[in-house]
Amino acid sequence: MREQRRKDAVWMFLTYAFILTMVVVMLIPLYWMIVAATLPQQEFIEFPPRLIPGTAFLDNFAALQERMNYVLTIWNSVFIAVVYTVLSLLLCSMAGFAFAKYEFRFKEPLFYSILATLVLPIQLLVIPLFLMMSQVGWTDTFRAIILPWLANPIGIFLMRQNMRSIPDALLESARMDGASELQIFYRIALPAMRSSLAALAIILFLFQWDLFLYPLVILEDPGNYTIPVALAGLEGTQRIYYDQIMVATTLAIIPMAILFLVLQKQFVSGILAGSLKE
Amino acid sequence: MARIEIDNLTKVYDSGDESIVAVEDLDLEVEDGEFLVLVGPSGCGKSTTLRCIAGLEDVTEGSLRFGERDVTALRGSERDVAMVFQNYALYPHMTVRENIGFGLKLSTKLTAAEISERVESVASMLGITDLLEDKPKELSGGQQQRVALGRAIVREPAVFLMDEPLSNLDAKLRAEMRTELQELQQDLDVTTVYVTHDQTEAMAMGDRVAVMNDGVLQQVGPPEGIYRQPVNEFVANFIGSPSINMLTAEIDGDSLTGPAGFSYRLSDTTSVKGHSRVRVGVRPEDITITDDGPNSATVSVVEPMGNENFCYMELGDHELTARIDPDLRPRAGETVRFTFDEEALYLFDADSGAALKTKSDAVAPGIETEVSS
């Protein structure tokens, strides 16, 4: 008995030690980024590296802002990601609802062909999309960044899977209560999907937030740049301003971190939705 | 209030290359204010029939009328019906108050205050006033059931449709709710169609019972009539618990000769004229265990129920069940002699299953036993 308890305790200790090590390993670059953002450029390249944050954050930010309007860049990214997330959530949940709860011709082939688009890498789509956008005169606009990705196959798949768990009787009951199909969708189905919607919101926001190659091709005016495009521009050709890059990167992760913290509880239960019988 | 008239209702499901006939040529009338129970084994078409009445399924052929109104082409919400589902189908994100009021909010022009008043009066009728602000997941099965009923009642529909509403409750609660539902239906006097696979429930609740099998309506009538005068072997078998005892017998002059030496002499042979084989049925309560009975069987199990005993016996390969007096407890393995009244005998055509003779009204319902000395 005591032997067993000691063994358990040792295992517990080893497990936590392992997890802790992994956490530290993952946090080091993040911490170094934040520290580096607060150091002047010359101290940044010193060896051994400084581990205590400095006081130059605001100076670095001012230097960055002088080179480019980075506040505007953050605003562009937030605007694009938020609009995209809201519209895509609506579209994906409607499509998922239809695929899960209605019968129509070619339903299965249609669904699987949407899924099949997952195998196409963005790199392959960039040129045709650019051509399409320039034909309609949409280059260098936000709608060109948002529109092509609205029908997100992962989003449609996730919503379809989770919508299937809504009992048919619930929808029929609403139908008998006099609800229209649209009312059934937004008054019954959507509220039941709250945690899945939260999970999908994070996935969609992150997708758009990180999109680089496509906006790089579409956007021309630096005033329209999104964060990834602007960050790439910071590297320059002669001298790399690490201090400014680190400030820009630190600021870039803040909105994402806030979103995740707000939705994290729903995110976990949304990802696990349907895996356990309630 | 409405009288339901179902004419030649047929429902066919097309699934790719094969089509399944769920309901075939159903004719049925439900009187205004009547409580009709649709009963049958699973897959017999009873739920499909209900869903057609509700407007949740299109009918393939035939028509539906509520009173003077042809509702065949109308949507469920336009038919003035309310349905209670087997799993209650309460909206999980709404409170009890919102659940009950949802239909009124969507389909009537009542003000919020009027809706609230009606919701509260229904809640007090069902004794759930103190649950109005709770969410469905905080309620017990019985309470959820009441909310589901409340949601149907509050709309004051012309027709109530209930799809096995008690099947998720435990036995005791089910019996309680059964009585409560009947009382409620009598008070409200709303035409009700109730679907169940439980024949006890059907017998206990229905003004009339409609028995279905394989998509075909077998018989409609008051519970007692269905029990005593089934039109065929299926109905005789399905209605009654424990089930009727059935065996095949040859007709030899005026006697029936069955398996394992079973024989019975008929005093009136008019019903079996022209038949050489028939199916013989005797209800468990009509079998009397008595020393001078003409037939014998071996007791396999005796189940004491308190007020009566179920005696399971073997007659060759056949199992017979007898409902006997609680004082009478034959031991397992013992051979007992038994008899039954010819009046209580059922005879069915051996091929078609159609009834040739049913229990006559001369037989009093209930158990008749003689304690052997």
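Which residues touch the most other members of the largest nonpolar core? The notes below start there.

1. **The core.** B:Val159 and B:Leu161 touch the most other members of the largest nonpolar core, which has 152 residues. A nonpolar core here is a set of buried Ala, Val, Leu, Ile, Met, Phe, Trp, Tyr and Cys residues joined through C-beta atoms within 7 Å. Buried means that 20 or more other C-beta atoms lie within 10 Å of the residue's own; exposed means 12 or fewer, and partly exposed is in between, with C-beta atoms placed from the backbone. Helix α4 (residues 70-101) of chain A gives the most to this core, with ten residues. The core also draws at least three residues from each of domain 1 (4-228) and domain 2 (242-357) of chain B.

2. **Basis of the model.** This is a predicted model: local features need pLDDT of at least 70, side-chain atom pairs count only at pLDDT 80 or more, and totals for chains, interfaces and linings use all residues. Residues are numbered from 1 along each chain as its sequence is written, while chains are lettered from A and ligands numbered from 1 in the order in which they are written.

3. **Confidence.** pLDDT is the predictor's confidence in each residue, from 0 to 100. Chain B has a mean pLDDT of 90, and 96% of its residues reach 70 or more. The complex gets an ipTM of 0.79 and a pTM of 0.80 from the predictor. Residues 367-373 of chain B stay under 50, and the model has 17 contacts for them beyond four places in sequence. Where pLDDT is low, the predicted coordinates should not be read in detail.

4. **Around B:Leu161.** Contact means that the C-beta atoms of two residues, placed from the backbone, lie within 7 Å. Leaving aside neighbours within four places in sequence, B:Leu161 is in contact with B:Leu50, B:Ile53, B:Ala54, B:Val81, B:Met83 and B:Val193.

5. **Chain B overall.** Chain B has eight helices and 21 strands. These are DSSP runs numbered from the N terminus: helices are H or I with at least four residues, strands E with at least two. The C-alpha atoms of chain B fill a box of roughly 75 × 45 × 40 Å, taken along the principal axes. Of its 373 residues, 40% count as buried. Among contacts in chain B with a separation of 6 or more, 65% come from residues 24 or more positions apart.

6. **Domains.** The assignment for chain B gives domain 1 (4-228) and domain 2 (242-357). Such bounds come from an automatic or database domain assignment. The C-alpha centres of the two domains of chain B lie 39 Å apart.

7. Strands pair if DSSP finds at least two bridges between them. An open sheet of chain B has the order β2-β1-β4-β5, with antiparallel pairing. β2 (18-30) and β5 (69-70) of chain B each have a single partner strand, so one side of each is left without a neighbour in the sheet. Strand β1 (residues 4-15) of chain B pairs with β2(B) over nine bridges. B:Leu9 stands opposite B:Leu26 in β2(B). The hairpin of β1(B) and β2(B) has two residues between the strands, and B:Gly16 takes a positive phi near 70° there.

8. **The five-strand sheet.** A second open sheet to check has the order β15-β19-β16-β17-β18 (chain B), again with antiparallel pairing. Its edge strands are β15 (288-289) and β18 (318-324) of chain B, each pairing on one side only. β15(B) meets strand β19 (residues 335-339) of chain B over two bridges. There, B:Thr288 has B:Thr339 as its bridge partner.

9. **Strand β14(B).** Which side of the burial count does this strand fall on? Five of the six residues of β14 (residues 277-282) of chain B are buried, so the strand is largely enclosed by the rest of the structure. Six bridges join β14(B) to strand β11 (residues 245-252) of chain B, running antiparallel. In that pair, B:Ala249 stands opposite B:Val278. Four bridges join β14(B) to strand β20 (residues 346-349) of chain B, also antiparallel. Here B:Arg279 stands opposite B:Phe348.

10. **The A-B interface.** 14 residues of chain A are in contact with 16 residues of chain B. On the chain A side, α9 (168-176) and α10 (181-192) are the elements that give two or more residues. α9(A) gives the most, with six residues. The chain A side divides into eight nonpolar, three polar and three charged residues. Ala, Val, Leu, Ile, Met, Phe, Trp, Tyr, Cys and Pro count as nonpolar, Asp, Glu, Lys and Arg as charged, and the others, Gly among them, as polar.
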